[in-house]
Every structure is written in structure tokens, then in C-alpha cells.
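This report describes selected features of one protein model. The sequence and structure are shown first.

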Amino acid sequence: MEAMEDDSLDVKDDHNHNYRASGSNKVRTYLSSQLSEISTVPQPVCATVPVGEAGTRQGKLWSGATGGSKFMDSDTGSESSEVSETDSTAPGAASEGKFALDSTSKFLLNAMAVEDYRKNHWPNLEKAVDRLLIQNPTDHISVSYAQIYSYVYKCVCQQHSELLYNDLTSKITGHLQQVSAHLQASPLENFIENFNIALTQYIASLQCIVPVFMYLNKFYIESKLNRDLREDLMKLFSDHVAEKHVNTLMPLLIKARSMPFEVQPSTMASVVKGLYSLQPEWAQLAPDLFSGFIPQINPPAVESLLQDYAAHDQKLQMELSMNGFPRGDQSRKRASEDS
């Protein structure tokens with residue numbers, strides 16, 4: 001019991017943390033054993049570092065000790081900012097590079113698509129348009145309308161609508177210029193007939209061309225240009241053919257109307273109606289001529305001019321009878337009450 005009390009009183013301290021023991025020998029033994037244990041523990045080696053580099057190395061030491069942390073002290077703030085700028089600009093540079101690659105690839109794909117249009121699509125369409133333009137209304141030309149329709153559909157889907165429209169109008173314009181030159185060399189006695197053939201053949205060609213270019217008309221001409229393909233192509237005939245020869249054609253038509261059956265009535269009607277459909281204002285150049293084939297060209301009848309209308313009809317009947325067109329058998333005509 002006394003031994004246990006002695007062990008419990010080996011080391012004590014007072015309120016000033018000064019060690020004291022119940023026995024001096026026991027205190028010396030305890031202290032010497034603690035000092036020997038401390039001397040056997042290995043101590044870290046501290047290298048001598050210049051004063052200017054102390055902060056920098058201290059920061060680096062802490063960054064290495066924390067497992068790759070980006071902690072930097074105030075002396076190395078510029079270095080940390082460089083790292084952060086590099087990290088922040090890397091995604092931007094990558095996105096710019098990706099945008100440049102995308103633009104280049106799109107440009108190359110577009111160039112390839114245009115080249116494919118020039119080599120494959122348009123040559124086939126051009127041949128078909130050529131055959132449709134030169135055909136006669138009574139001729140039968142074997143043209144694959146389904147194939148033409150397919151080419152037009154592919155061109156519109158590949159964003160070549162503008163190219164296709166320009167090529168089509170340029171092709172037809174060239175054809176109409178040749179037609180105009182042919183009419184220019186035509187003799188006057190055959191001019192009306194030749195003009196009617198050119199107009200009739202062109203209208204028949206449009207009846208085949210416009211339907212197969214339906215996708216171009218619907219998704220480009222109507223939606224973006226706010227026009228119609230048939231109206232545009234008829235305007236080409238008006239600009240390049242009819243307008244150039246209307247001053248030659250009008251006197252011939254007026255002369256032919258004054259001489260019955262010099263020109264076939266069907267030909268006269270076709271030419272006059274065709275001119276009116278191209279340019280309605282041309283009716284003002286010869287109102288009497290156009291009024292014989294198109295209604296409501298002359299102003300409406302007025303009651304005060306009924307006697308003039310009757311005189312005009314009598315004059316026309318006299319002219320017909322003098323030119324060998326008798327009035328026919330009048331024996332079965334009902335007698336008037338005055339006779």
C-alpha cells in the first residue's frame with residue numbers, strides 16, 4: 001500500500017506548473033528517462049534559405065504538402081494568376097478552333113455540293129429543257145418527267161434553288177433570243193404565221209416545264225420572290241420576242257383583218273389573244289382589232305349612240321356583200337308588216 005502511494009506521488013506540479021516530487025531521487029530518474037527518449041527521435045534538417053526566397057519556397061512547400069493544391073502565398077500571386085488565365089482561356093481557344101474547323105468543313109461541303117450540281121444535276125435538266133422547248137405541240141418526245149422532277153427536288157433540298165432558277169431563266173432566255181432572230185429573218189407574208197407558231201410552241205413547252213419545276217416554284221419563287229414561275233417565263237417571251245416585233249406585227253394584223261381569210265381566223269385569234277395576255281396595254285394600239293376577239297375592249301354602249309351602232313353594222317354588211325359574201329336566200333324571211 002505504501003508503494004502504491006509512493007508511485008502516485010512521483011510527479012506533481014503546483015499552480016505555477018513547477019514540478020515537484022515527493023522524493024528527489026525519483027524525480028531525477030523520471031526526468032533522465034524522458035530526456036533519453038527525446039534524444040533518440042530523429043529531428044528534421046532545416047536548410048539555410050536566403051531571406052528573399054523564404055516566402056516563395058514556403059508557399060511551394062505548402063503547395064506540395066497539400067497534394068497538388070493550387071495554394072500560393074502573396075509573393076507568388078503572379079504565378080497563380082498565369083495558371084488561372086491559362087485554364088480559363090483554354091476552352092475559348094478550343095471553341096474558336098472548333099468553329100474554324102466547322103466553317104471550313106461547311107465551306108468544303110458546300111463547294112462539293114455545287115460541283116455536284118454543275119456536273120450531274122443541271123446538265124441532265126438542261127437536256128430535258130432543250131427537248132421540251134423545241135418540241136412541236138403535235139410531236140411526242142419521250143422525256144422522263146419523274147427523273148426531271150427528282151433532280152429538281154434534290155436541287156431545292158440541297159439549297160441550290162437560286163442557282164437552278166438563274167440557270168433555267170438563262171437557258172430559256174438564250175432560246176428566246178434565237179426565236180427572235182428567226183422571226184427577224186422571216187418574210188412579212190409569213191410573219192404572222194411564224195409568230196403564232198413560236199408563241200404556241202412556247203406555251204406548250206411551259207405546260208410541261210412549269211409542273212416539273214413545281215418544287216422550285218413553291219419553295220423559292222413563290223415564298224422568297226413572291227412571284228410565279230409561269231408568269232416569269234411568259235414575261236421572258238414578252239421581253240425578248242413580242243416586244244421586239246410588236247411594231248411590225250400590228251400593221252400586218254390590221255391589214256389581214258381588213259382582208260378576210262388572208263390569214264386563218266384561228267391564227268388571228270391566237271395571235272391577238274396571245275398579245276393581250278402578254279401585255280394588255282397593247283390593246284390600245286389597235287382597239288378595233290382587239291375588240292373583234294376580246295370582249296370589253298371598247299367602252300360600254302351608250303343609248304344615245306344606238307343610231308351610230310346601227311349605221312356601223314349596215315356599213316359592215318355592205319362591205320361583206322361587195323366582197324363576194326351575199327346575204328343568202330331571203331325568200332323565207334318573214335315579211336314586214338309595212339309591205
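The model is predicted. Its largest nonpolar core holds 61 residues, and the members that touch the most other members are Phe195, Tyr202, Phe213, Leu216, Leu275 and Phe290. At least two residues of this core come from each of the helices H4 (77–134), H5 (145–157), H6 (161–184), H7 (191–212), H8 (214–221), H9, H10 and H11 (287–291). H9 supplies the largest share, 13 residues. In soluble globular proteins, nonpolar side chains tend to be buried together.

Apart from neighbours within four places in sequence, Leu275 is in contact with Phe195, Ala242, Leu249, Met250, Leu253, Trp282 and Phe290. Two of these partners, Phe195 and Phe290, are themselves listed with Leu275 among the core members that touch the most others.

## Nonpolar surface patch

A nonpolar patch on the surface is formed by Phe261, Leu316, Leu320 and Phe325. Together, these residues have about 390 Å² of accessible area. Leu316 is part of helix H12, which spans residues 306–322. With a relative accessibility of 42%, Leu316 counts as partly exposed, because that category lies between the limits of 20% for buried and 50% for exposed.

## Glu262 in the H9–H10 loop

Glu262 sits in the loop between helix H9 (229–258) and helix H10 (265–278). Its relative accessibility is 44%, so Glu262 counts as partly exposed. When residues up to four places away in sequence are not counted, Glu262 touches Lys255 and Ala256.

Glu189 is 73 residues from Glu262 in sequence, while their C-alpha atoms are 9.8 Å apart in space.

## Cysteines

How many disulfides does a search of the whole structure find? The count is zero. For Cys155, the closest cysteine sulfur is that of Cys157, at 9.4 Å, which is too far for a bond.

Cys155 is buried, with a relative accessible area of 0%, whereas Cys157 is partly exposed at 44%.

Key
Residues numbered from 1 in each chain as written. Predicted model: local features only at pLDDT ≥ 70, side-chain atom pairs only at ≥ 80, totals over all residues. Heavy atoms only, no water. Disulfide = S-S within 2.5 Å. Buried < 20%, exposed > 50% of the residue type's maximum accessible area, 1.4 Å probe, protein only. Helix = DSSP H or I, 4+ residues; strand = E, 2+ residues; numbered from the N terminus. Contact = heavy atoms within 4.5 Å. Patch = residues over 30% accessible without salt bridge, like charges linked within 9 Å, V, L, I, M, F, W, Y side chains within 5 Å. Areas by Shrake-Rupley, 256 points an atom, 1.4 Å probe, with all protein chains shown as cover. Salt bridge = Lys/Arg side-chain N within 4 Å of Asp/Glu carboxyl O. Core = buried A, V, L, I, M, F, W, Y, C linked by side-chain atoms within 4.5 Å.
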